[in-house]
Amino acid sequence: SHKFWETQPVGQFKDLRDTSLREGPIESPTPLSEVKQEPYNLPNLYEWVTCDMDSEETCAEVYNLLSNNYVEDDENMFRFNYSKEFLRWALHPPGYYKSWHIGVRVKSSKKLVAFITGIPARIRVRSDVVSMAEVNFLCVHKKLRSKRLAPVMIKEVTRRVHLENIWQAAYTAGVVLPTPITSCQYWHRSLNPKKLIDVGFSRLGPRMTMSRTMKLFKLPDSTVTPGFRKMELRDVPAVTRLLRTYMMQFVVAPDLDELDVEHWILPKEDVIDSYVVESPETHKLTDFCSFYTLPSSILGHPTHSTLKAAYSYYNVSTKTPLLQLMNDALIVAKQKDFDVFNALDVMHNETFLKELKYGPGDGKLHYYLYNYRLKHILRPSELGLVLL
Ligand code: NHW
Ligand code: EN5
């Protein structure tokens, strides 16, 4: 059972078949004066800290905690290795709250041993645009696991979100908790199959040689779509319009304005790449695609230490076929020396995954809402949200 999650305002497994439950908030907001004013109690050796990610020193401590203790695959061969620049970007969107970047230190040594973050986001659920927190980077040092520290961290971030008069949250996890709004599949497109096989990320298929495999995954040297170019600041208004129109079709999606698009979509070296298609005739933007950079450490390999992975982010096609747009994304990712291009089966991604030679991974990603109930679980293709 889920001794902690059973106490929280989230969809419960026992309610999944109950059709009388209404869609929307599970609990009403309480007056801010009734929100607990003091932090939750930690075991006596530890203390809460607010992490200033603008501080080079703090950012490096967070980076070190995560690079040694964050998410691994089920066979502990790879561990996410978010860069410092990525973490700064991920945690400093428009309107962010420093108080939502929460660390736990050992009182005596000041060593950082746990972390959790929230960032503000407007998320639309059907026609309801809700102010939420997106919660991410929950991490407890390997030596402090299974001591029920995670529930305290989750309650503390919840309290600090409530203090800003925000009562809902969105989060993802590789594990099943009460209860997913949808469960997505990771897909992987080999760009550097030789290295992927060498490090155990993928395997030589049956009746395949290395040279046949390398030929199978070969890509053209340059993109094929006329007018395909890197996104620039001047593209923000048009990209925002494309994205807002496109997102309307999904049941759950972020409600992004121009400031959000400038932050989340504009290219940032080694963090986020975005490309637009500018019509050579009209100079109007018709399509765009984007992916973020999230390397993984390769654990215990004699020669290779990092896997360079690109993750499909938001893509919109109105004119260029999505298949061709995403093939151009693979081509630029290959040029930039990524080893693998990853994508979830969200939005319209199913329409290109198989055809562009992605294969299903061994990982799933479950999406959750806190204090918001949906009547039915969604298909991944009904989800328009990608969390980092
Ligand atoms: S998912 C990545 C999470 N991080 C990792 O997997 C890193 C490696 N693992 C660890 O650091 C993206 C630890 O194993 C963690 C758990 C810290 C995961 N989400 O302390 P205990 C995110 O960051 C529950 C939620 O003994 P531990 C999203 C578990 O079910 N709950 O475990 C984060 C159990 O509760 P139960 C999780 O292994 C979203 C309890 O924790 C969880 O030492 C957070 C056990 O705690 C997970 N990923 O530490 C929720 N993993 O009821 C935000 C385990 O089953 C909610 N648990 O007994 C919204 C808040 C804001 C609301 C605002 C209105
Ligand atoms: C995110 N904000 O399991 C929250 N990754 O498939 C964190 N597998 O990389 C939630 N096990 O299948 C994280 N290769 C949940 C994901 C945690 C990390 C994870 C999976 C996703 C992954 C790889 C490596 C497996 C290594 C052994 C995988 C197969 C690739 C192959 C390429 C060729 C075509 C077929 C597939």
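A residue is taken to be near a molecule when its C-beta atom, placed from the backbone, lies within 6 Å of it. The legends below describe close-up views of a predicted model.

**View 1. The shell of residues around ligand 2.** In this predicted model, ligand 2 is surrounded by 21 residues, and the closest of these are G174, Y186, G359, G361 and G363. Three strands, β6 (168-173), β7 (182-190) and β17 (359-370), each supply at least two residues of the shell, and the largest share, 5 residues, comes from β17. Sorted by class, the shell around ligand 2 holds 8 nonpolar, 9 polar and 4 charged residues. Because domain 1 (5-171) and domain 2 (183-382) both give residues to this shell, ligand 2 lies between them.

**View 2. The two domains and the side of domain 1 that touches domain 2.** The domain assignment of the protein chain gives domain 1, residues 5-171, and domain 2, residues 183-382, and the centres of the two, taken over C-alpha atoms, are separated by 26 Å. Across the boundary, 38 residues of domain 1 are in contact with 32 residues of domain 2. On the domain 1 side, the elements that give two or more residues are β2, α2 (84-91), β4, β5 (128-140) and β6, with the largest share, 5 residues, coming from β4. By class, this side of domain 1 has 22 nonpolar, 7 polar and 9 charged residues.

**View 3. The largest nonpolar core and the surroundings of V239.** The largest nonpolar core counts 102 residues, of which F115, V239 and F288 touch the most other members. Strand β4 gives the largest share of this core, 9 residues, and at least three residues are drawn from each of domain 1 (5-171) and domain 2 (183-382). When residues up to four places away in sequence are not counted, V239 touches M231, V261, I265, V276, L285 and F288; F288, one of these partners of V239, is itself named with F115 and V239 among the core residues that touch the most other members.

**View 4. Antiparallel pairing of β1, β3 and β4.** Strand β1, residues 46-50, and strand β3, residues 101-106, pair in the antiparallel sense over 5 bridges, and within this pairing Y46 stands opposite V106 in β3. Strand β3 also pairs with strand β4, residues 112-125, in the antiparallel sense over 5 bridges, where the bridge partner of G103 is F115 in β4. In the hairpin of β3 and β4, 5 residues lie between the strands, and K110 takes a positive phi near 65°.

**View 5. The open sheet of β2, β12 and β13.** In this sheet, 3 strands are arranged in the order β2-β12-β13, and the pairing is antiparallel. The edge strands are β2 (78-80) and β13 (306-307), each of which pairs on one side only. Strand β12, residues 296-298, pairs with β13 in the antiparallel sense over 2 bridges, and S297 stands opposite T306 in β13. Strand β2, an edge strand of this sheet, is also one of the elements that give two or more residues to the side of domain 1 that touches domain 2.

Notes
Residues numbered from 1 in each chain as written. Chains lettered and ligands numbered in written order. Predicted model: local features only at pLDDT ≥ 70, side-chain atom pairs only at ≥ 80, totals over all residues. Helix = DSSP H or I, 4+ residues; strand = E, 2+ residues; numbered from the N terminus. Nonpolar A, V, L, I, M, F, W, Y, C, P; charged D, E, K, R; others polar. Domains from an automatic or database assignment. Pairing = 2+ DSSP bridges. Core = buried A, V, L, I, M, F, W, Y, C linked by C-beta atoms within 7 Å. Buried ≥ 20, exposed ≤ 12 C-beta atoms within 10 Å, placed from the backbone. Contact = placed C-beta atoms within 7 Å.
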